Amino acid sequence: DDLIYVPISTGQKRLFRTSVPGMVRFIMVKAVSIGELENAEIQITDLLRQRHRMATNQENDFTIRNLTQMMQTAIRLTKLMTLLLGAIASISLLVGGIGIMNIMLVSVTERTREVGLRMAVGARGQDILLQFVTEAVAVSLIGGLVGVILGFGGSLAAARIAGWPVITSPFSAVVAMGFAALVGVFFGYYPALKASRLDPIEALRHE
């Protein structure tokens with residue numbers, strides 16, 4: 001008992017406020033297959049032009065939209081947003097990597113005597129290199145872990161506030177930590193190499 005039936009002209013005029021009673025705002029049509037979409041558009045265009053009694057050189061007074069085209073547009077926008085976010089992430093990684101390299105260079109300078117002492121008691125250049133690369137990776141992993149925690153926490157907070165569904169993937173966290181480790185290796189290698197090539201005697205004399 002919750003249905004009300006009215007004439008279509010009355011509904012258009014009184015309920016939907018159509019300026020011209022009897023006018024149809026849109027018609028949804030389904031093609032028999034994806035391959036027939038183009039033919040369906042051509043047939044619908046010809047039929048509407050015939051029903052609207054339009055001349056050959058007259059422009060269409062209607063618009064036909066293909067949902068496939070709208071979907072392709074949405075896919076292109078999604079790819080564009082992915083590239084934009086990727087560019088922002090790349091810049092963030094570059095800035096973070098430069099920061100790690102500067103920190104490690106300062107650490108090498110401040111610990112020059114320590115490096116010289118280790119070399120004097122038998123440490124090889126490879127050992128020094130591995131030590132400082134490991135420290136750079138550790139710093140990167142700590143930063144990556146903090147970023148993952150803040151990212152998941154921010155997503156959950158936004159979902160609770162806005163009521164949006166959140167999909168969390170452990171794989172994305174693993175990938176993020178992997179990239180953090182790669183950044184640590186790449187940007188920490190030069191300071192570590194510099195430390196491994198120090199002259200033990202000069203390093204021990206360093207103030």
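A polar contact is a pair of N or O atoms within 3.5 Å, where, within protein, one atom must be able to donate a hydrogen and the other to accept it, and where residues adjacent in sequence count only if both atoms are side-chain atoms. The structure is a predicted model, in which local features need pLDDT of at least 70 and side-chain atom pairs count only at pLDDT 80 or more, whereas totals for chains, interfaces and linings use all residues. Residues are numbered from 1 along each chain as its sequence is written, and side-chain values use heavy atoms, with hydrogens and water left out.

**View A. Thr112 in helix α4.** Thr112 is found in helix α4, helices (H or I, at least four residues) being DSSP runs numbered from the N terminus. A polar atom of the Thr112 side chain lies 3.0 Å from the backbone oxygen of Val108. Thr112 has a relative accessibility of 9% and therefore counts as buried, a term that means under 20% relative accessible area, with exposed meaning over 50% and partly exposed in between (1.4 Å probe, protein chains only).

**View B. The crossing of α4 and α5.** Helix α4 (residues 112–120) and helix α5 (residues 125–162) have axes that come within 10 Å and cross at roughly 140°; such axes are lines fitted to C-alpha atoms, for helices over the stretch in contact, and angles run from 0 to 180 degrees between N-to-C directions. That angle makes α4 oblique to α5, since angles under 35 degrees count as roughly parallel, over 145 as roughly antiparallel, 65 to 115 as roughly perpendicular and the rest as oblique. The crossing of α4 and α5 is right-handed, meaning that the near helix is turned clockwise from the far one by less than a right angle. Glu114, Val115, Arg118 and Met119 of α4 make the contact with Asp127, Ile128, Gln131 and Phe132 of α5, contact meaning heavy atoms within 4.5 Å. These residues divide into four nonpolar, one polar and three charged, where Ala, Val, Leu, Ile, Met, Phe, Trp, Tyr, Cys and Pro count as nonpolar, Asp, Glu, Lys and Arg as charged, and the others, Gly among them, as polar.

**View C. The packing of α3 on α6.** Helix α3 (residues 67–110) and helix α6 (residues 170–196) pack with their axes 9 Å apart and at an angle of about 30°, in a right-handed crossing. From α3, Leu93, Leu94, Gly97, Ile98, Ile100, Met101, Met104, Leu105 and Val108 meet Phe179, Val183, Phe187, Tyr190, Pro191, Lys194 and Ala195 of α6. The contact residues comprise 14 nonpolar, one polar and one charged.

View D. Met104, found in helix α3, counts as buried at 3% relative accessibility. Leaving aside residues up to four places away in sequence, Met104 touches Phe132, Glu135, Ala136 and Pro191. The C-alpha atom of Met104 is separated by 9.8 Å from that of Ala195, 91 residues apart along the chain.

**View E. Arg53 in the loop between α2 and α3.** Arg53 lies in the loop between α2 (37–51) and α3. Most residues other than glycine have a negative phi. Arg53, although not a glycine, has a positive phi of about 55°, and Arg53 is exposed, with a relative accessible area of 75%.

Technical notes. Helices (H or I, at least four residues) and strands (E, at least two) are DSSP runs, numbered from the N terminus.
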